[in-house]
Amino acid sequence: MNRGSRRGVLAQGLGAGLALAAAPPAQGQPQAPPQAQAQPRPLVVAAFSILGDFVAQVAGPAVTLRVLLGPEADPHEVSPRPSDAVALRQAALVVRNGLGLEPWLDRLLRAAPPRGRVLTASDGWPALIANGVADPHAWLDPAAARHYVRGIGAALAAALPAQAAPLQAATAAYLTRLEALEAWVLAQVAGVAPERRVFVTGHPGFAYFAARFGLRALATPPQAWGGQGAGQLAALVNQVRGGQVRALFSTGPEDATLMGRVAAEAGVPLRGRLYAETLSAPDGPAATYEALVRHNTGLLVAAMAG
Ligand SMILES: [Zn+2]
């Protein structure tokens, strides 16, 4: 899962995260409702943009949301900034993925223990193991996403007891939408012949998604990120050629070059970009988790069937 040295995500993380957050009432602003000043909204910190969306869908403006790694930032590797520690200390709730995805956040939490609860959203969900290591990308399975959201909804209701009822109602409504989302993906995949249900990505993030929907997910070997693994890469190219795999995708600018090589050597065009672990910018195709799953599914189904 280690993608090696990556572009600087820090420059984007906080600013983009704040775009998701409802702005807190300005200090001393005369038109601010008195209640808003008397009861500041509790701070909820989410490790990355997809978890932030889960919080936002349930809590809306009831909380001030800070997303440490905003859209287009990679949750695998990051060097947190000092202001992240300040936010964590003040947080009424911190939501992280777990399954080894955020060692940077584990270090930060040890240095800056929050006054509120730390929710590890994947806790209790059965992990898939790859090469002896837990695969962290459970959220791409909508059933796992519902597990995350149930935990987030319960933690929010516990952190904001005065608003427990509306938070529970919002959680239930969002869970219903995620059930519909899963049914929609299943219906889309059903239109693809079983022997064609295979795809390749530049990042091994799709095992949970593939398992849920009866797909085979292949990925470039992790060594290829560091320019190694030529043998495994050649094996992947042969697999694509021999299996007549048509659905090849990058998962972002980081692996577009590598996947471009695989595609060129296999003689198959790249079919676009899937979103695995970050939302797109708000005006992009994956601005929410639901949009992300629909975007990925639309591209996948068209490429596998075509
Ligand atoms: Zn990943």
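Analyst: This is a predicted model. Of the 306 residues in the protein chain, 46% are buried. The chain has 11 helices and 10 strands.

User: Why is N131 called exposed?

Analyst: N131 has 8 C-beta neighbours inside 10 Å. The label exposed applies at 12 or fewer, so N131 counts as exposed. N131 sits in the loop between strand 5 (129-130) and strand 6 (133-134).

User: Which value of phi does Q244 have, and why does Q244 count as exposed or buried?

Analyst: Q244, also a residue other than glycine, has a positive phi near 50°. Q244 has 11 C-beta neighbours inside 10 Å; the cut-off for exposed is 12 or fewer, so Q244 counts as exposed. Q244 belongs to the loop between helix 9 (230-242) and strand 9 (248-250).

User: How is the packing of helix 4 and helix 5 described?

Analyst: Two packed helices are described by the angle between their axes and the distance between the axes. For helix 4 (residues 82-90) and helix 5 (residues 103-111), the angle is about 65° and the axes are 9 Å apart. Their crossing is right-handed.

User: Which residues of helix 4 and helix 5 meet, and what are they by class?

Analyst: From helix 4, D84, A85 and L88 meet L108, L109 and A111 of helix 5. By class, the residues of this contact are 5 nonpolar, no polar and 1 charged. Asp counts as charged, while Ala and Leu count as nonpolar.

Conventions
Residues are numbered from 1 along each chain as its sequence is written. This is a predicted model: local features need pLDDT of at least 70, side-chain atom pairs count only at pLDDT 80 or more; totals for chains, interfaces and linings use all residues. Axes are lines fitted to C-alpha atoms, for helices over the stretch in contact, and angles run from 0 to 180 degrees between N-to-C directions. Helices (H or I, at least four residues) and strands (E, at least two) are DSSP runs, numbered from the N terminus. A crossing is left-handed if the near helix is turned anticlockwise from the far one by less than a right angle, and right-handed if clockwise. Two residues are in contact if their C-beta atoms, placed from the backbone, lie within 7 Å. A residue is buried if 20 or more other C-beta atoms lie within 10 Å of its own, exposed if 12 or fewer, and partly exposed in between; C-beta atoms are placed from the backbone.
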